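The sequence and structure come first.

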Amino acid sequence: MNLAPYIDHTNLKPEAAAEDIKKLCEEALRCGFASVCVNSSRAALAAELLKGSSVAVCAVVGFPLGAASSAAKAFEAKKAAEDGASEIDMVINIGFIKDGTDEEAAKDIRAVVDAAPGCIVKVIIETCLLTKEEKIRACHAAMAAGAHFVKTSTGFSTAGATEEDVRLMRETVGTAMKVKAAGGIRDADFAARLIMAGADRIGASKSVEICEAGSSCL
């Protein structure tokens, strides 16, 4: 299975230097990954390095907590889009879901969707912090807000992607949205199982190793 087209090649470390982003982009070009996923301050650099290629630039917004104001998230998304990002991975306001104020969670997502109208918006619902019912409600909020993907995890919380969560998200959103699995994906077998469970994208920092094991990045 050629895993490369499913992968968002990721470096979200706070200490990532320009040289690290350059390496990330070079690997993405060599392997044919779907995108590179970077902090929003690195979107312009990644866009310059990937200009003219098929590799997209994905910037994270409200990362990793999701607790910033909607206005702050919208500003960050708008700036990232202006800098060349065509995909935005935003973190849902988890507290709103815990409060039961799903309409506020949807408004928060809609602010980002509206701020970056040309971008694919993926909503990180941080499944490890939610109950099954809350995961379903978070997916519904993302759908109501006009986002394009729901995503399992930031990779910075207590746990990452699971096949069970991917299946639940796929069942919840059906064909209305796509599903991205991220967090703790370190080998080709797990990545393939997540795709079989319903994931359309895989977020990983070990992407080259994953693809080498799957013979799709040589």
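Helix axes here are lines fitted to C-alpha atoms over the stretch in contact, and angles run from 0 to 180 degrees between N-to-C directions. Helices are DSSP runs (H or I, at least four residues), numbered from the N terminus. The model is predicted: local features need pLDDT of at least 70, side-chain atom pairs count only at pLDDT 80 or more, and totals for chains, interfaces and linings use all residues. Residues are numbered from 1 along each chain as its sequence is written, and side-chain values use heavy atoms, with hydrogens and water left out.

Helix α6 (residues 132–144) and α7 have axes that come within 10 Å and cross at roughly 45°. This makes α6 oblique to α7, as the angle is not under 35 degrees (roughly parallel), over 145 (roughly antiparallel) or 65 to 115 (roughly perpendicular). The crossing of α6 and α7 is right-handed, that is, the near helix is turned clockwise from the far one by less than a right angle.

Helix α7 (residues 163–173) also packs with α8 (residues 188–197), at an angle of about 25° and with the axes 8 Å apart. That makes α7 roughly parallel to α8. The crossing of α7 and α8 is right-handed.

By class, the contact of α6 with α7 has 6 nonpolar, 2 polar and 3 charged residues. The contact of α7 with α8 has 4 nonpolar, no polar and 4 charged residues. Nonpolar covers Ala, Val, Leu, Ile, Met, Phe, Trp, Tyr, Cys and Pro, charged covers Asp, Glu, Lys and Arg, and polar covers the others, Gly among them.

Definitions and conventions:
Helices (H or I, at least four residues) and strands (E, at least two) are DSSP runs, numbered from the N terminus.
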